[in-house]
Amino acid sequence: MRLPALKFAISALVVALLPAGLQAAEIVIAQPTSATAMDPGFLKEPATLVDNIFDTLVRRADDMSLQPGLATDWKAINENSWLFTLRKGVKFTNGEPVNAEAVKFSIDRILDPASHAPTISYIRTIKSVTVVNDDQVQIITNGPDPLLPTRMSRYPTYIVPPAYVKKIGASEFARKPVGSGAYKLESFVPDEKVVMVANGAYWRGKPSIDRVTWRPMPEATARLTALLTGEVQLIESVPADLVPALKNRPNVELEQVKGGGLTIYLGLKDQEKPLNDVRVRQALSLALNRQAYTQQLLHGFGTPTGTMAGANDFGYLAVPATTQDIAKAKSLLAEAGYPEGFTLRFQAPRRYIASADVAQAIVQDLGAIGVKAQLDVPEWSVYTQQVAAQKQAPFYMLAWGSTQTLDADAALFPVLRSGEPYSTVHDAELDKLLDKSRITVDADQRKTILEQIQQRVAQQQNLLPLYREDTLYAHSHSLVFKGRVDARIPLYDLRLQ
């Protein structure tokens with residue numbers, strides 16, 4: 001057989017082996033939830049999708065080091081000011097230039113109090129943004145902020161096109177976003193699909209995969225079946241109890257990122273009785289059997305913890321998880337004036353690994369100390385709106401992560417500082433420590449402050465950390481994929497074999 005004919009035969013064989021309806025440069029990814037909106041500055045959900053449509057000034061490489069993104073260089077001018085030099089010639093996919101005005105617009109819209117941005121906690125240290133020239137922007141902070149470059153590597157600091165946003169408005173932009181990232185949005189149908197196509201003019205070069213469809217599949221067995229039948233090539237959030245079914249499957253690979261998931265915790269509205277009593281909060285924590293949750297319900301794919309920070313974070317303190325002690329919990333409740341317990345509204349989503357099952361176990365454990373937890377398991381799209389508006393139950397399950405900054409600040413400040421969108425904590429002493437941690441430049445001193453914050457939370461139980469999840473993916477053998485500790489799925493790095 002001549003070489004051209006051989007090449008044709010091999011190509012035909014490759015196409016024949018691909019799942020029906022897919023071309024060689026297309027993949028489908030199944031997720032447990034549907035995106036509700038795609039404005040990167042106002043996210044109420046993970047940034048997995050928008051990560052691929054937008055760019056940040058700084059990006060994080062596979063080894064988690066900070067690398068040039070839309071900015072080629074950055075430096076501190078003084079303790080309260082940073083200068084970023086932008087990459088020349090980059091354009092948004094609608095043709096607008098990525099320049100200093102775009103950077104200023106993108107950050108200013110988040111800082112604007114009238115915007116009520118739910119992600120403002122991450123960049124509240126920024127005072128103002130000044131355009132130096134088309135290619136340089138100066139970011140002024142309220143005080144020394146050693147994390148400023150890191151803050152420029154994650155949401156909400158994606159750069160958006162000013163003219164386009166102004167023209168169509170914020171609500172329409174959330175449905176039809178335009179960025180400068182590796183992929184362009186082709187279609188967005190909530191609860192059905194998000195389709196992205198490669199940006200051929202991307203500044204890092206055209207991505208290898210031409211077209212990616214993200215499909216919401218809430219039912220875990222449906223995601224698994226879709227993978228096994230070749231309907232999808234990558235699934236997120238593999239249920240722990242289904243892992244054995246995947247381990248020896250041909251053409252399927254399981255990807256586990258130890259500690260790479262979110263920290264699951266129980267939030268408390270501490271201004272409502274009886275949760276305003278530290279003894280009650282301590283009793284609730286002592287009632288919980290975290291070891292049983294992770295070993296029996298998560299099948300070992302989670303690690304009990306006493307802190308919101310992760311082991312890879314700067315400032316992490318290895319606070320041991322509270323050990324269940326029913327007798328002590330009952331004693332504390334009696335001391336607080338609740339010897340017979342009380343009734344408590346409790347909300348938990350199905351979003352995390354076995355989270356609905358864990359919630360049921362929590363209800364049983366609380367019942368053992370006389371606390372009657374009235375459990376509600378709302379739809380994720382409803383729950384995210386409630387939490388962002390602080391209309392959730394007084395006792396609620398949520399998850400938080402710091403993986404995109406690898407600094408304890410991201411795990412602590414947004415959910416502990418009073419007044420922040422996702423915090424239901426009110427602790428003046430804690431506020432002082434949190435504020436101090438953000439203006440302390442000396443690394444050793446800041447580490448000490450971050451540890452003091454975690455120690456206070458362990459004592460006051462301002463919220464109740466449960467465990468840190470592992471991240472579990474499964475993918476087709478034909479897809480080159482590796483899970484990251486920052487929980488991102490950068491489509492640019494994926495390849496089809």
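These legends accompany close-up views of a predicted model.

Because the model is predicted, local features need pLDDT of at least 70 and side-chain atom pairs count only at pLDDT 80 or more, while totals for chains, interfaces and linings use all residues. Residues are numbered from 1 along each chain as its sequence is written, and side-chain values use heavy atoms, leaving out hydrogens and water.

**View 1. An open sheet of seven strands with mixed pairing.**
The strand order is β8-β9-β10-β1-β11-β19-β12. Each of the edge strands, β8 (183–189) and β12 (252–257), pairs on one side only. Strands here are DSSP runs of E with at least two residues, helices are runs of H or I with at least four, and both are numbered from the N terminus. Two strands pair if DSSP finds at least two bridges between them. Inside the sheet, β1 (residues 26–31) and β11 (residues 234–235) run parallel and are joined by two bridges. Look for alanine 30, which stands opposite isoleucine 235 in β11.

Valine 257 is found in strand β12. This valine has 8% relative accessibility and so counts as buried (under 20% relative accessible area is buried, over 50% exposed, and in between partly exposed, with a 1.4 Å probe and protein chains only). Leaving aside residues up to four places away in sequence, valine 257 touches Asp470, Thr471, Tyr473, Gly483, Arg484 and Val485, where contact means heavy atoms within 4.5 Å. Valine 257 and tyrosine 473 are 216 residues apart along the chain, yet 8.6 Å separates their C-alpha atoms.

**View 2. A right-handed β-α-β crossover from β15 to β16.**
Strands β15 (residues 342–347) and β16 (residues 371–376) pair in the parallel sense over six bridges. Between them the chain passes through helix α11 (residues 355–367), and the crossover is right-handed; that is, with the strands pointing away from the viewer, the path from the first strand over the helix to the second runs clockwise. Threonine 343 is a handy place to start, as the residue opposite lysine 372 in β16.

**View 3. Helix α9 and what it packs against.**
Within α9 (residues 290–297), the buried residues are Arg290, Ala292, Tyr293 and Thr294. They pack against α8, β14 (302–304), α11 and β18 (464–469). Histidine 299, with a positive phi near 55 degrees, follows the helix.

**View 4. Backbone details in the loops.**
Most residues other than glycine have a negative phi, and most peptide bonds are trans. Two cis bonds can be inspected here. One runs from tyrosine 155 to proline 156, with omega near 10 degrees, and proline 156 lies in the loop between α3 (148–151) and α4 (162–168). The other joins lysine 273 and proline 274, with omega about 0 degrees; proline 274 sits in the loop between β13 (263–268) and α8 (278–286). Methionine 64, in the loop between β2 (58–60) and β3 (66–68), is buried at 10% relative accessibility. Aspartate 191, in the loop between β8 and β9 (193–198), is exposed, with a relative accessible area of 65%.

**View 5. The largest pocket, with about 890 Å³ of space.**
On a 1 Å grid over the protein atoms alone, a pocket is an open set of points with protein on both sides within 12 Å along at least five of seven lines, a cavity is a set where a 1.4 Å probe fits but cannot get out, and lining residues have an atom within 4 Å of a point. Grid points are joined across faces, edges and corners, and a volume is the space filled by probe spheres set on the points. The pocket has 34 lining residues, with Pro32, Pro218, Glu219, Arg350 and Arg351 nearest its centre. Two or more lining residues come from each of α6 (220–228), α11 and α12 (380–388).

**View 6. The largest cavity, with about 940 Å³ of space.**
A search of the whole structure finds five cavities of 30 Å³ or more. The largest cavity is lined by 47 residues, and nearest its centre lie Glu45, Pro46, Ala47, Leu262 and Arg351. Elements giving two or more residues to this lining are α12, β17 (395–400) and β19 (471–476). Helix α12 gives the most, with four residues.
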